[in-house]
Amino acid sequence: MILETIVTTLGADGTPHIAPFGVTRTGDDLVIAPFRPSVTLNALEATGRAVINLTDDARLFAGCLTGRRDWPLVPATVIVGVRLADSLAHWEVEVVRVEADPVRPRFHCRSVHQEAHRPFAGHNRAAAAVIEAAILCSRLHMLPWEKVEREMAYLAIAVEKTAGEREREAWGWLSDRVAVFRADMLSQAQSTGADAGGKAKPQVRS
């Protein structure tokens, strides 16, 4: 099972970092698998610790993908680390094994402490759509434009029908990100004569 979470880490110099991650639950292990290069990967290699945050605020996912990472943090309870101040729950984990890979190593972690902070208020289709759109935005450089356009149009239906204020704000951030990406692609195509549906160069990931 893959859980959509927010992972918080501390770098070797103590700098906090926030990133959305699909964390795989495999038996007793919680697997975090960041691509190289990655700030989260560097932190896991340096400290062997992370906090997996469960949240119902879709803005966290959209914000991290659009340069908005300044979310309130508080110290973790057991490990040296930080967690989201407004998480529903959090799991403090330590790395127990690493599957080495030149592209995407897998960090197998075990929970050393878990806390619940407030109840889950229920599912919302717009929040799920925002998370899907955030994942889509993380892959803009890998996907043909037609697929991006088609999926954003479909996800917009759930946002229009069921979103609250937080989901609409998050959707606006992602829509702006997609629009900027498209404008950059068109400009690049005009200057090089390439197909406007092409793909951009990869960027440093979370």
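Student: How many disulfides does a search of the whole structure find?

Tutor: The search finds 0 disulfides. A disulfide here is a pair of cysteine sulfur atoms within 2.5 Å. Cys 64 is in no disulfide, and the nearest cysteine sulfur, that of Cys 137, is 13 Å away. Cys 137 is likewise in no disulfide; its nearest cysteine sulfur is that of Cys 64, 13 Å away.

Student: What kind of model is this, and which residues do local features use?

Tutor: This is a predicted model: local features need pLDDT of at least 70, side-chain atom pairs count only at pLDDT 80 or more, and totals for chains, interfaces and linings use all residues. Residues are numbered from 1 along each chain as its sequence is written, and side-chain values use heavy atoms, with hydrogens and water left out.

Student: Back to the cysteines. Is Cys 64 buried or exposed?

Tutor: Cys 64 counts as buried because its relative accessibility is 5%. Buried means under 20% relative accessible area, exposed over 50%, and partly exposed in between, with a 1.4 Å probe and protein chains only.

Student: And Cys 137, buried or exposed?

Tutor: Cys 137 has 2% relative accessibility, so Cys 137 counts as buried too.

Student: New topic. In what order do the strands close into a barrel?

Tutor: The order is S1-S2-S3-S8-S7-S4, 6 strands with antiparallel pairing. The twist from one strand to the next averages 45°. Strands (E, at least two residues) and helices (H or I, at least four) are DSSP runs, numbered from the N terminus. Two strands pair if DSSP finds at least two bridges between them.

Student: How many bridges join S2 to S3?

Tutor: There are 3 bridges between S2 and S3, and the two run antiparallel. They form a hairpin with 2 residues between them. Gly 27 in the turn has a positive phi of about 60°.

Student: Which residue in S3 stands opposite Arg 25?

Tutor: That is Leu 30. Leu 30 also stands opposite Cys 109 in S8. S3 (residues 29–32) and S8 (residues 106–116) run antiparallel, joined by 3 bridges.

Student: Where do the S3 side chains point?

Tutor: Asp 29 and Val 31 point one way, Leu 30 and Ile 32 the other way. All of them are buried.

Student: What about S4? Which residue there is the bridge partner of Ile 6?

Tutor: Asn 53. S1 and S4 run antiparallel, joined by 3 bridges. Asn 53 also stands opposite His 90 in S7. Between S4 and S7 there are 6 bridges, again antiparallel.

Student: Which strands does helix H1 lie across?

Tutor: H1 (residues 39–47) lies across S1 (2–10), S2 (16–26), S3, S4 (49–54), S7 (89–99) and S8. H1 runs at about 65° to S1. Contact means heavy atoms within 4.5 Å. Axes are lines fitted to C-alpha atoms, for helices over the stretch in contact, and angles run from 0 to 180 degrees between N-to-C directions.

Student: What sits in the loop between S3 and H1?

Tutor: Pro 37 is in that loop. A cis peptide bond joins Arg 36 and Pro 37, with omega about -10°.

Student: Now Thr 8. Why does Thr 8 count as buried?

Tutor: Thr 8 counts as buried because its relative accessibility is 1%. Thr 8 lies in strand S1.

Student: Which residues does Thr 8 touch?

Tutor: Leaving out residues up to four places away in sequence, Thr 8 touches His 17, Ile 18, Ala 50, Val 51, Asn 53, Leu 73, Val 82 and Arg 83.

Student: Switching to domains. Where are the bounds?

Tutor: Domain 1 is 2–116 and domain 2 is 125–193. Those bounds come from an automatic or database domain assignment. The C-alpha centres of the two domains lie 24 Å apart.

Student: How many residues of domain 1 are in contact with domain 2?

Tutor: 12 residues of domain 1 are in contact with 13 residues of domain 2. The two domains bury about 1,100 Å² between them, 71% of it on carbon and sulfur atoms. Buried area is the accessible area (1.4 Å probe) that two parts lose on being put together, summed over both.

Student: Which residues in domain 1 lose the most area to domain 2?

Tutor: Ala 58, Arg 59 and Leu 65, together 43% of what that side buries.

Student: Last one. Where is Pro 119?

Tutor: Pro 119 is in the loop between S8 and helix H3 (125–137). Pro 119 counts as exposed, at 68% relative accessibility.
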